[in-house]
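Have the structure open as you read.

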Amino acid sequence: MSNYRAHVLVCCGTGCTSSNSHIIMENFSKFVAEKGLEKEIDVVKTGCFGLCAEGPIVVIYPEGTMYYRCTPEDVEEIVNEHLVKGRKVERLLKTGNPDSNPTDFYSKQMRIALRNCGRINPDKIEEYIAHDGYQALCKIFSTKRDPAEIISEIKESGLRGRGGGGFPTGMKWDFAAKVQNDTKYVCCNADEGDPGAFMDRSILEGDPHTIIEAMTIAGYCIGAHQGYVYVRAEYPIAVERLSAAIDQAREHGFIGQNIFNSGFDFDLDIRLGAGAFVCGEETALMRSIEGKRGNPTPRPPFPAVKGLFGKPTILNNVETYANIPVILNKGAKWFASVGTEKSKGTKVFALGGKVNNVGLLEIPMGTTVREIVFDIGGGIPDGKKFKAVQTGGPSGGCIPASLLDTAIDYDNLVAVGSMMGSGGMIVMDEDTCMVDIAKFFLEFTVDESCGKCAPCRIGTKRMYEILTRITDGTGTLDDLQALEDVAVSLKNGSLCALGQTAANPILSTMKHFRDEYVEHVVDKKCRCGVCKDLLQYSIIKDSCIGCGMCSKVCPADAITRTDYIAPGKKLAAFEIDPSKCVKCGACMETCKFKAIVKK
Amino acid sequence: MSIIKLTPEEQATKLEAVLSKYKGQGQKALMSTLQQAQEIYGYLPLPVQRKVADALDVSVANVYGVISFYSFFSLKPKGEYAFNVCLGTACYVKGSQALLDKIEESLGIKSGDVTEDTKFSISSCRCVGACGLAPVLLVNDDVYGRLTPDEIPAIIAKYKEEANV
């Protein structure tokens, strides 16, 4: 093996690839070769570094220099200056957003599940092995460890499901292990449906082997010989890297027949999802792997007893699996020393929305929301005021400014009316209308409700209709009560978690931002200017020069001339008849004198 | 970049190859078969559904049931240039609804529809995962990030020129 004097790491996660990082990668190889340095400098494709807002990111080791927002055209300069002459390219050291601070972004994080993301080449099994990969699996077979003992170590670590529910992982494995059956299955939920969340995708793209190793261990523990990874079809890069990784693992004998000469067989297959949010629910996901409509089924029987193809099955989320090899390598005690009393370890979040450092981060449980938004996230752009942060996606809720010091763990988030969810975290500023956001999530659940049970199918639709009324100005105070009533029925009567939690975005916004709801129904006003039907266009008569352009472009003939001539103007001013106005905004776009306002 | 169009004969040959791979495997192979069939045709018209049903030995109703359940499967063809606006939460908060409105206005069709000449179609999706670039628009495989509605006309003009419309 040759030694390189420098390594150039290029982020090839989905975010950076969308900004042409694959071309940056090609250019590095090209220019390094042109300089005849290919034996001294290694160009490495890696997974996500986390600071997606400043991508594409290139890191050069041994110095650890991080270059932000690189373009394919910048590569030649980086090669000539940095790699040949040893001078850093100063202009690329600064982030594109002056308010973002990468040092703060990383200093409060702790990376367990993301340990290899942005550090290794996901396409090379050797790099995973070099970072303790497959060590946990190998040790199990070389010491002939008893499956029950491994399960009790997982239990002891306190690891809980990272997909949202937070069920103790060790207990889940224990149930399945105790059921007698010749055929059992291990499944991985990589159907990351929560919009604005990309944790699982980043792990699959940046460190696919960790999932393979963990699923094989799970198979050994419960006595399964076949595993399925259910991935969203919308994640082509993740699917490609995972299938390449499965092939490599098979070639190396880490999965397949007689693993490590132990006599244990285990193999893995990928199943592609097809865009149904409900398939994140475990019973629905299994129906989908069976090739059927993804309708959930009542529990019990739980999947541990009767799951995929009617056989005992365990299903864990990608991030949950990513923790398993570390727990076994470092010990349950070490893992349990991180986090809070009832939530151990770390949690990965995809931070997005109105925040400076958009990206992927992993924090120890117990970190406060404030630390995430203001220290790691670098605060709100453009000097705007923080309003709320939304966690848990369409099943979660909003955390207002007064609760910023909430320490993040499963139980605390539920107590404030939200939930951990899979890890989407969207920051909202003063311009975000909370009623509109509730409506946005309801539109999503109406679309995604599978329609099998009436409370969810009808309830979500009725709540969406009420929210539509409130945002178009025809809502009443009774509607607010109706919303709460339907929400309770939905929670108690729905078959699966999709329906049971669908009202959360409404209930939490109504609890923390009730004044905004009341404003919409009583004053017919949207303070953020988001709900179009509540806006009124008007002409400031003293600024109007009477040119008549607005009247010409108005499609509804709602603008007419008045008798009033403003001081210093020659022609009479115009006015808008609100009863005729269709609120298209054409007049405001046309007026060069800023005489038309929207309030 | 536009989708490479296959002739009907090429499509039929490719579909045959897929069907023979999964022949007789029943329900459990249905999703994979449909995904590959859609890759060939761009959508799943009734004749294709019938062929899939015959090959896998399941009912056409069952095939249609699965297609209509999953949003990834389409019963309508897409345009040569498919505009896809991300309406994930991160993009929505940053104003992707305004992008979608502007595209609908500029192309004169609604989301979910195709222009009469089948050159353009509009759809929306739930998170492409490029949240760092929000709000995001995809045109086939081209990604446009950090967009404002003002930039839409220039993008559309570019593809119109490419498509010679």
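How many residues of chain B are in contact with chain A?

## Where the chains meet

Keep in mind that this is a predicted model. In it, 30 residues of chain B are in contact with 37 residues of chain A. On the chain B side, helix H2 (30-41), helix H4 (60-69) and helix H5 (89-93) each supply at least two of the residues that touch chain A. H5(B) gives the most, with four residues.

## Chain B as a whole

Chain B has seven helices and four strands. Reading from the N terminus, the elements run α-α-α-α-β-α-α-β-β-β-α. The C-alpha trace of chain B spans about 50 × 35 × 25 Å along its principal axes.

Chain B has 165 residues, and 36% of them count as buried. Take the contacts in chain B between residues at least 6 apart in sequence: 64% of these join residues at least 24 apart. For one pair that is separated in sequence, look at B:Glu39 and B:Leu15, which are 24 residues apart along the chain and 9.7 Å apart in space, C-alpha to C-alpha. B:Glu39 sits in helix H2 of chain B. Is B:Glu39 buried or exposed? With 10 other C-beta atoms within 10 Å, B:Glu39 is exposed; the cut-off for that label is 12 or fewer.

## Domains of chain A

Chain A is divided into five pieces: domain 1 (6-96), domain 2 (125-336), domain 3 (346-429), domain 4 (434-523) and domain 5 (536-598).

Domains 2 and 4 of chain A have C-alpha centres that lie 35 Å apart. Where they touch, ten residues of domain 2 of chain A are in contact with eight residues of domain 4 of chain A. The domain 2 side of that contact divides into seven nonpolar residues, two polar and one charged.

## The nonpolar cores

In soluble globular proteins, nonpolar side chains tend to be buried together. Which residues touch the most other members of the largest nonpolar core here? They are A:Val10, A:Phe28, A:Ile211 and A:Ile217, in a core of 209 residues. Helix H10 (residues 208-222) of chain A provides the largest share of this core, nine residues.

Leaving aside its neighbours within four places in sequence, A:Phe28 is in contact with A:Val8, A:Val10, A:Val43, A:Val75 and A:Val79. There is also a second, separate core of 14 residues, which includes A:Cys544, A:Cys550, A:Ala558 and A:Ala573.

## A helix pair in chain A

Now turn to helix H17 (residues 434-448) and helix H21 (residues 504-512) of chain A, whose axes come within 9 Å and cross at roughly 170°. Angles over 145 degrees count as roughly antiparallel, so H17(A) is roughly antiparallel to H21(A).

From H17(A), the contact uses A:Met434, A:Ile437, A:Ala438, A:Phe441 and A:Leu442, and from H21(A) it uses A:Pro505, A:Ile506 and A:Thr509. By class, that gives seven nonpolar residues, one polar and no charged ones.

## Backbone spots to check

Two cis peptide bonds deserve a look. One runs from A:Arg299 to A:Pro300, with omega near 0°, and A:Pro300 lies in the loop between helix H12 (282-289) and strand E8 (313-317) of chain A. Another joins B:Ala134 and B:Pro135, where omega is about -10°. B:Pro135 is in the loop between strand E2 (120-125) and strand E3 (137-139) of chain B.

That loop between E2 and E3 of chain B also holds B:Cys127, a residue other than glycine whose phi is positive, near 70°. B:Cys127 is buried, with 29 other C-beta atoms within 10 Å. A:Lys594 has a positive phi too, about 50°, although it is not a glycine. A:Lys594 lies in the loop between helix H24 (586-590) and strand E17 (596-598) of chain A. Which way does A:Lys594 go, buried or exposed? A:Lys594 has 9 other C-beta atoms within 10 Å and is exposed.

Notes
Residues numbered from 1 in each chain as written. Chains lettered and ligands numbered in written order. Predicted model: local features only at pLDDT ≥ 70, side-chain atom pairs only at ≥ 80, totals over all residues. Contact = placed C-beta atoms within 7 Å. Domains from an automatic or database assignment. Nonpolar A, V, L, I, M, F, W, Y, C, P; charged D, E, K, R; others polar. Core = buried A, V, L, I, M, F, W, Y, C linked by C-beta atoms within 7 Å. Buried ≥ 20, exposed ≤ 12 C-beta atoms within 10 Å, placed from the backbone. Axes fitted to C-alpha atoms, helices over the stretch in contact; angles between N-to-C directions. Parallel < 35°, antiparallel > 145°, perpendicular 65-115°, else oblique.
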